[in-house]
Amino acid sequence: MQKSIPLTWRRIPERYRLLGTKCTNCNTNYFPTRIVCPKCRRRGKIEKVQFRGLGRIYSFTEISAPPAGFEDQVPYVLAIVELEEGPRLTTQIVDVVGKGVKIGDGVAIVFRVIQRDDPEGLIHYGFKFRLV
Amino acid sequence: MRRVAIIGTGMTTFGEHWDRGFRDLVIEAGAKAIQDANLQGNEIEAGYVGTMASGRLVGQEHIGALIADYMGLNPIPITRVEGACASGGLALRQGFMAVASGMHDIVVVGGIEKMTDLGVEEVSDILGGAGDQEWELFLGATFPGLYAFMARRHMFEYKTTEEMMASVAVKNHKNGAKNKFAQFQKEISIETVLKSKVIADPLKVFDCSPITDGAAAVVLAPVELAKKYCENPIEIIASGQASDAIALHSRESLSKLRATEVAAKKAFEMAKLSPKNVDFAEVHDCFTIAEIMAVEDLGFFKKGEGGRATLDGKTALDGEIPINTSGGLKACGHPVGATGVKQVVEVTWQLQGRAEGRQVKDAEIGLTHNVGGSGATAVVHIMKRV
């Protein structure tokens, strides 16, 4: 994990409130943001777009062997969520350990602590999702 | 384009080499390959070496110069190539292109990773760099987690089972038990896999390839010069490479690797062959589900039938198409940068009849398939006897 304050700071609009991009030439939404539309390239026109934070579980796993910084959260359910607006993202699903989730379950965004660097370091916040 | 052949091969044993460092391993493999090619060393014009993360694993960058120095090959150019776990396969492709183009005649290609100088947690964190650091790893993903997403979709779309995935590990351990270079030379049962500790559901410890130290090397030459150095050179008849989205969530499908399909298509076109012409293959089984997807994406089995085919023994040493005769990444071990070159060494040995207890009978055409990260890079090579 890269522990950089500027890195975290410049990702705040995406991580805190799911601000993505849209290509107005082909009408495709992207998350995370893109500078170039991979479908249209030079013909593409990229604009910012605010996603609603609603979607469905496309795939999931329960992580038992965590990466550094997530030791106090295991086990946790990690999923690929497909947003209503089209793009997919990787995220944690909260409050489901022991209850289980299925492909196709509806989810909504919640604001949570993602990880902490160390007792005196940065607290990284961002999106997770819950079942609806 | 000139035709290119392998005239020498060498590798270290794969495993936990506490007594040997980065340069010891890469020099051993390189020296063995050069000796196997009956070269003095003066004939070598250039080198390409694949390593994924020497900078973070052993703190050493600039390994091209280091290797030229310690191999006694100064002042020839040696260049590092990086494509995560596909670094070795990409290094071979660079060497292949250098010889095919006529830029160089004799070229040495190596792959190396020294992984056990750090603890498992640190190594896992470093390997995470093969995925999307900001949008996968930062949010709590691990590599087993990413492959678990693929396994879950494959199970959902094709009814693939945990038992089918376990059968990949069982088969590869059976092959590894016949390979004195393998990290794990011990057979295991389906129950061992199914009862092992869950890492990222549905993947368990025995679905995962290990952390390994090791190096492998080959020497390349134009076909017209090959017989001068080597009795039975092996020709690289095709090379294909492709890229896909770095993050798994940005790919169209999770139950296949598009980069594998494209790299294989390019390689088969170049070789003027089809998947049914391939007698055996070394594929990238970093996780058991990865081998199931690979045998489908390479065209050996229909989509969704790779798991059943493995469980039924079709990819065993005596099956329709033996897969991972070396033991694969699972049993032979996975020193990430070395893996792609080791696959080529194994295929060369099989085609030369040097595969000892695991020799495939009448092997004519062999294929290697090396993947970077969760599938953002794939490289395929096809080989046959000259």
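User: Which residue does B:Arg258 form a salt bridge with?

Analyst: The partner is B:Glu261, and the closest N and O atoms are 3.3 Å apart. Keep in mind that this is a predicted model.

User: Where do B:Arg258 and B:Glu261 lie?

Analyst: Both sit in helix H11 of chain B, three residues apart, which is about one turn of the helix. An α-helix has 3.6 residues a turn, so residues three or four places apart point the same way.

User: Is B:Glu261 buried or exposed? And what about B:Arg258?

Analyst: B:Glu261 counts as buried because its relative accessibility is 16%, under the 20% cut-off. B:Arg258 is partly exposed, with a relative accessible area of 45%.

User: Which residues are linked with them in a network of salt bridges?

Analyst: The network also takes in B:Lys256, B:Asp297 and B:Lys303, alongside B:Arg258 and B:Glu261.

User: B:Asp297 is in H12(B), I think. How many residues of that helix are buried?

Analyst: 10 of the 10, so helix H12 (residues 288-297) of chain B is largely enclosed by the rest of the structure. B:Asp297 is one of those buried residues, and the list also includes charged ones such as B:Glu291 and B:Glu296.

User: What do the buried residues of H12(B) pack against?

Analyst: Several elements of chain B: helices H7 (143-158), H8 (162-176), H11 (258-271) and H13 (306-311), plus strands S6 (203-204) and S10 (365-372).

User: What follows H12(B)?

Analyst: B:Gly299 does, and its phi is positive, near 95°.

User: Back to salt bridges. How many are there over all chains?

Analyst: The count comes to 32. One of them joins B:Asp207 and B:Lys204, at 3.9 Å from N to O, and both of those residues are buried. Another is in chain A, where A:Glu14 pairs with A:Arg11 and the closest N and O atoms are 3.0 Å apart. A:Glu14 counts as buried because its relative accessibility is 6%.

User: Let's stay with chain A, then. What does its secondary structure come to?

Analyst: Two helices and eight strands.

User: What box do its C-alpha atoms fill, and how much of chain A is buried?

Analyst: The box is roughly 45 × 35 × 20 Å along the principal axes. Of the 132 residues, 45% count as buried. Among the contacts with a separation of 6 or more, 47% come from residues 24 or more positions apart.

User: And what about charge in chain A?

Analyst: Chain A has 22 positive and 13 negative side chains, and the centres of the two sets lie 11 Å apart. The accessible surface is about 7100 Å², with 51% belonging to carbon and sulfur atoms.

User: Which residues form the negative surface patch?

Analyst: That patch draws on both chains: A:Glu71, A:Asp72, B:Glu121 and B:Glu122. A:Asp72 lies in the loop between strands S4 (54-63) and S5 (76-83) of chain A, and it counts as exposed because its relative accessibility is 66%.

User: What is A:Ile80 in contact with, beyond its neighbours within four places in sequence?

Analyst: Residues of both chains. Among them are A:Arg56, A:Ile57, A:Tyr58 and A:Leu89 from chain A, and B:Phe149, B:Leu248, B:His249 and B:Leu254 from chain B. The C-alpha atoms of A:Ile80 and A:Ile103, 23 residues apart in sequence, are 9.6 Å apart in space.

Conventions. Residues are numbered from 1 along each chain as its sequence is written. Chains are lettered from A and ligands numbered from 1 in the order in which they are written. This is a predicted model: local features need pLDDT of at least 70, side-chain atom pairs count only at pLDDT 80 or more; totals for chains, interfaces and linings use all residues. Side-chain values use heavy atoms; hydrogens and water are left out. Patches are made of residues with over 30% relative accessible area and no salt bridge: like charges are joined within 9 Å, nonpolar side chains (Val, Leu, Ile, Met, Phe, Trp, Tyr) within 5 Å. Accessible areas come from the Shrake-Rupley method with a 1.4 Å probe; for residues, only the protein chains shown count as cover. A salt bridge is a side-chain nitrogen of Lys or Arg within 4 Å of a carboxyl oxygen of Asp or Glu. The place of a charge is taken as NZ of Lys, CZ of Arg, CG of Asp or CD of Glu. Helices (H or I, at least four residues) and strands (E, at least two) are DSSP runs, numbered from the N terminus. Buried means under 20% relative accessible area, exposed over 50%, partly exposed in between (1.4 Å probe, protein chains only). Contact means heavy atoms within 4.5 Å.
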